[in-house]
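Visitor: Please take me through one part of this model closely. Start with a strand pairing, then follow the chain onward from there.

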Amino acid sequence: MKYSYYPGCSLEKNAASYHESTMAIAGPLGLDFVEVEDWNCCGATEYHALNQTAAYALIARNLAQATKNEGLDTLVAPCSACYLNLRKCDKYMATEPELAGRVSQALAEAGLSYKGGTLHVRHLLDIVYNDVGLETLQAKTTRPLKGLRVAPYYGCMIVRPGFHNGDDDPEYPVTLDRILTALGAELVDFPMKAHCCGGHMTQISEATGFELIRRLIKSADDYEADLIVTICPMCQLNLDGFQGAMNRHFGTSYHIPVLYFTQLIGLALGLAPRDLGVGSEIVSAKEALSKIGAEVEEAEVATPRQRRDDKALPMPGRRGEG
Amino acid sequence: MAEKVGVYICHCGSNIAGMVDVEGLARWAGANLEDVTVARDYKFMCSSLGQELIEEDIKKEGLTRVVVGACSPHLHEKTFRKACANAGLNPYLMQMASLREQISWVSSDKDKATEKAKALISGAVRRVIEQEELFASEAPVNPNTLVVGGGVTGIQAALELADAGYHVYLVEREPSIGGHMAQFDKTFPTLDCSACILTPKMSDVGQHESITLLSYAEVEEVTGYVGNFHARIRKRARSVKEADCTGCGVCIEKCPKKVIDDVFEAGLGYRKAIYRPFPQAVPKYPVIDREACTYYLKGTCKACEKFCPTNAIDFEQQDSFLDLDVGNVILATGFDMFDSTRLPQYGYGRLANVFSNLEFERMCNAAGPTDGKVVLRDGVTTPESIAIVHCVGSRDKKHNPYCSAVCCMAALKFGHLAIEKTGAQVYSFYIDMRTPHKNYEEFYDRLLAEGMQFVRGRVAEVTDAARLPGEEGKLIVQSEDTLAGRQRRTPVDMVVLMGALEPRHDARETALKFGISCSMNGWFTERHPKLDPVATMTDGVFIAGVCQGPKDIPDSVAQGAAAAARVMAMITKGTVLIEPVVATIHEENCSGCRICNNLCPYNAITFLEDKGVSYVNAALCKGCGTCVAACPAQAISGAHFSNEQIFSEIEGLLYDAISGNGAGHKVEPAGVPA
């Protein structure tokens with residue numbers, strides 16, 4: 001099963017473990033990903049509000065680039081924001097002639113073109129659930145996730161009306177639940193599974209952002225989940241990266257590790273945690289994963305570089321350095 | 001002999017005259033169309049005066065053909081046919097041109113509309129000249145009636161007919177009649193006890209000498225036509241001999257196997273493997289549920305047989321079949337309740353204290369699983385707050401676009417019962433309150449006074465994920481209050497989902513079986529939505545109650561009685577006219593290929609094995625012409641739709657094009673072998 005693959009910016013940096021684990025499980029699951037040549041950022045979540053033409057041209061360029069992968073008409077995005085943007089753009093290029101005209105004009109400047117409907121944009125979750133299938137996952141499981149209590153978290157991007165993932169229920173999705181059950185994990189009811197993680201809200205209004213994060217973490221904790229399983233880099237960043245700040249804000253002490261579903265699939269397939277990027281998360285999953293006998297080597301935490309004091313005068317000979 | 005055609009153009013007030021130059025059209029027809037002797041226009045052709053105009057002309061002018069340019073033949077074809085017949089002209093020598101539906105109502109240019117009207121009139125004139133005299137035949141009507149469905153609608157229909165002295169076969173799928181109404185506790189807005197008003201009618205049915213009650217039975221097959229249907233009924237094996245059973249109930253008492261009752265108790269209570277759905281069941285004979293019975297599963301037990309004082313248990317009983325001859329059929333098959341697990345965001349089946357409306361009905365019922373106590377799923381705790389969510393699966397593009405008509409009132413009833421039984425704070429989350437019948441709005445006012453809280457806004461989700469003080473351990477109903485313009489989180493102990501009424505899961509199969517049609521949503525289609533709500537396009541098959549569309553008990557009962565009245569009219573008359581517009585197979589040309597047999601949508605064509613040819617039953621044929629078009633040997637002719645008639649009409653429609661080629665030029669039909 002061969003697909004065009006659009007990793008998106010997150011998977012190069014903060015969600016490197018998502019990319020790593022996706023690549024690690026691709027071989028065993030018979031998935032062949034051909035990365036889109038010279039792709040660019042999808043514009044994430046805010047750009048559309050600022051300049052529609054520019055925002056959609058930015059996305060359409062990726063779609064146009066993806067059509068260069070000959071014979072591959074399915075474009076896979078592991079990041080939910082990328083997935084939603086690519087799908088929206090693909091649809092609007094076919095249904096919104098005015099916008100499509102402006103975007104096409106922009107693309108033409110670069111000698112590119114894209115016709116809505118050419119590609120079939122799918123989320124990685126859809127590929128694993130529908131193309132790989134539960135039976136294959138079950139058959140290939142060598143280290144069942146037995147005893148691990150997991151909260152399946154879908155986020156709000158892949159459940160948007162009209163753009164929801166595959167044939168999953170947009171109000172109460174279940175495909176990730178079924179995948180995790182097939183791997184042997186114990187599912188907790190996670191009523192917040194399709195609620196928003198706050199997106200970039202922590203950068204705009206901390207109090208609002210932390211509250212959105214707290215709801216999710218609290219709900220997982222109420223159900224005694226060992227970890228939250230996510231399919232989106234933004235969700236992972238918020239729930240993992242800001243969990244400490246959120247705890248400080250509310251005076252709480254939650255400790256819920258947040259892993260990507262590909263990392264759990266990799267663990268079930270018997271792969272080494274190291275090869276799946278496990279250990280790079282901020283809220284340590286070491287204790288949780290010891291339940292299934294996976295030994296996590298945690299990444300060495302580099303001593304934070306001394307922050308340059310803005311008021312200090314430059315040292316001789318170091319002029320020009322940032 | 002040249003025909004004398006009369007052309008009559010109707011103004012239909014301003015309906016046609018406002019867009020078509022009717023006077024000009026009549027003058028034009030009189031002056032330009034061949035064979036037209038008289039051409040007149042009149043304000044309302046369908047009025048008595050208009051009809052008399054036609055009748056007089058037939059008599060005085062000796063008209064041999066009539067063309068009426070007015071509305072669609074669906075509306076007044078019968079009227080004008082009758083007028084012709086009154087004047088001694090065969091009614092099938094009249095042709096209508098639809099100037100209203102096909103021209104004036106759908107045009108905006110008066111000149112073009114008038115030109116099109118000329119073409120339609122010209123077509124009708126050329127066609128009517130080719131039309132032939134046809135004669136309707138008569139068939140007797142069997143006075144017996146088949147009523148399908150033993151809910152309150154079917155019960156009403158059966159009793160009306162039986163009380164008038166006509167025999168009724170009442171077929172019910174479940175072990176007892178009573179339908180959904182038997183499950184309810186109270187009925188809105190009067191709050192009288194549902195069972196108290198229904199069970200007397202049920203026992204009337206059970207004891208009526210003119211009603212043959214066939215419960216635990218289904219209609220397998222229906223053949224025949226209006227007045228003369230044959231129905232094959234499958235009586236499922238009860239495993240109890242009705243002739244011997246006294247209904248004492250010892251078998252039920254002694255049966256050791258308890259199972260969840262998904263039907264009558266809506267999954268909230270239990271019944272035995274041998275059971276009667278409820279104490280007042282009619283008939284009184286129990287049924288063994290073979291999927292649950294220990295004997296059928298493991299081969300031992302037979303407790304019921306051991307204790308039965310009359311040896312009425314029969315484990316070997318087989319399904320039996322009954323063949324009935326009936327003249328008419330009334331379908332009152334009711335509805336299925338919406339499965340609320342299809343809206344997972346409301347948590348039904350996942351969150352313990354989310355209940356369906358039927359569950360709540362059973363809970364309120366004194367004979368129900370909680371003895372009428374309103375309690376949480378734990379069976380003991382009384383809720384202090386209850387949220388009633390409206391429109392679950394109704395008015396929802398993802399599920400059913402329609403309004404289920406009864407849920408607002410049922411929700412008010414639930415509110416009243418909950419307040420009365422528990423003193424709980426009850427919230428209603430509604431989109432619009434719909435209370436359009438006698439004393440319904442007054443009931444709404446009463447609930448406002450009783451302290452039920454109304455929040456106008458569709459519920460987004462029901463969750464147990466608490467996040468604010470006071471939410472811990474509660475169900476939180478998240479909604480947008482569209483009156484206050486803000487989001488609400490309402491913590492409650494119990495949620496009741498007002499699920500939609502849906503067509504029976506097998507409604508389409510049933511429709512096919514009886515030769516009727518379903519709407520897009522799956523409700524049975526009536527002949528006319530306003531003026532003929534209980535008849536169908538198939539003569540002799542009537543529909544009543546919710547199977548035609550969501551409605552409450554008074555409306556269902558009214559329809560049941562209405563359908564019975566329609567049937568009585570048929571029986572009293574004694575005969576039915578059989579339309580002569582039918583297909584005929586010319587045996588000498590039929591090769592017996594049988595292509596037409598399966599194409600016929602009315603099952604009117606049978607194959608005569610002995611002669612090796614197909615045969616059209618004129619009583620069943622609707623004259624649709626499918627077989628005529630499909631026959632590879634041109635062996636079937638459709639009366640009133642012959643090739644000559646159709647081609648003449650086309651020729652007439654194209655009068656202006658053809659006259660350019662020289663008048664009288666015959667168009668040879670292309671691609672049709674002679």
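Guide: Start at Ser4(A). Its bridge partner in β2(A) is Val34(A). That bridge belongs to a parallel pairing: strand β1 (residues 2-5) of chain A is joined to strand β2 (residues 32-35) of chain A by four bridges. Between the two strands, the chain passes through helix α1 (residues 16-29) of chain A. This β-α-β crossover is right-handed. Keep in mind that the model is predicted.

Now to where the chains meet. Chain A gives nine residues to the contact, and chain B gives eight residues. On the side of chain B that touches chain A, three residues are nonpolar, two are polar and three are charged.

Chain B has an antiparallel counterpart to look at. Three strands there form an open sheet, in the order β11-β12-β17 (chain B), with antiparallel pairing. β11 (217-225) and β17 (320-326) of chain B each have a single partner strand, so one side of each has no neighbour in the sheet. Neighbouring strands of this sheet are turned by 20° against each other on average, direction ignored. Look at strand β12 (residues 228-235) of chain B. Seven bridges pair β12 with β17(B), in the antiparallel sense. One residue pair to find by eye: Arg234(B) has Phe321(B) as its bridge partner in β17(B). In a regular strand, side chains alternate between the two faces of the sheet.

Next, the backbone of chain B. Phe188(B) and Pro189(B) are joined by a cis peptide bond, with omega about -10°. Pro189(B) sits in the loop between β8 (186-187) and β9 (192-193) of chain B. Another cis bond runs from Val282(B) to Pro283(B), with omega near 0°. Pro283(B) is in the loop between β15 (274-275) and β16 (287-288) of chain B.

Two residues in chain B deserve a check of phi. Cys391(B) has phi near 55°, a positive value in a residue other than glycine. Its place is in strand β21 (residues 385-392) of chain B. Cys391(B) has 25 other C-beta atoms within 10 Å, so it counts as buried; the cut-off for that is 20 or more.

His640(B) also has positive phi, near 75°, and is not glycine. His640(B) lies in the loop between β34 (636-638) and α17 (643-653) of chain B. Here 17 other C-beta atoms lie within 10 Å, so His640(B) is partly exposed.

Definitions and conventions:
Residues are numbered from 1 along each chain as its sequence is written. Chains are lettered from A and ligands numbered from 1 in the order in which they are written. This is a predicted model: local features need pLDDT of at least 70, side-chain atom pairs count only at pLDDT 80 or more; totals for chains, interfaces and linings use all residues. Two strands pair if DSSP finds at least two bridges between them. Axes are lines fitted to C-alpha atoms, for helices over the stretch in contact, and angles run from 0 to 180 degrees between N-to-C directions. A crossover is right-handed if, with the strands pointing away from the viewer, the path from the first strand over the helix to the second runs clockwise. Two residues are in contact if their C-beta atoms, placed from the backbone, lie within 7 Å. Ala, Val, Leu, Ile, Met, Phe, Trp, Tyr, Cys and Pro count as nonpolar, Asp, Glu, Lys and Arg as charged, and the others, Gly among them, as polar. A residue is buried if 20 or more other C-beta atoms lie within 10 Å of its own, exposed if 12 or fewer, and partly exposed in between; C-beta atoms are placed from the backbone.
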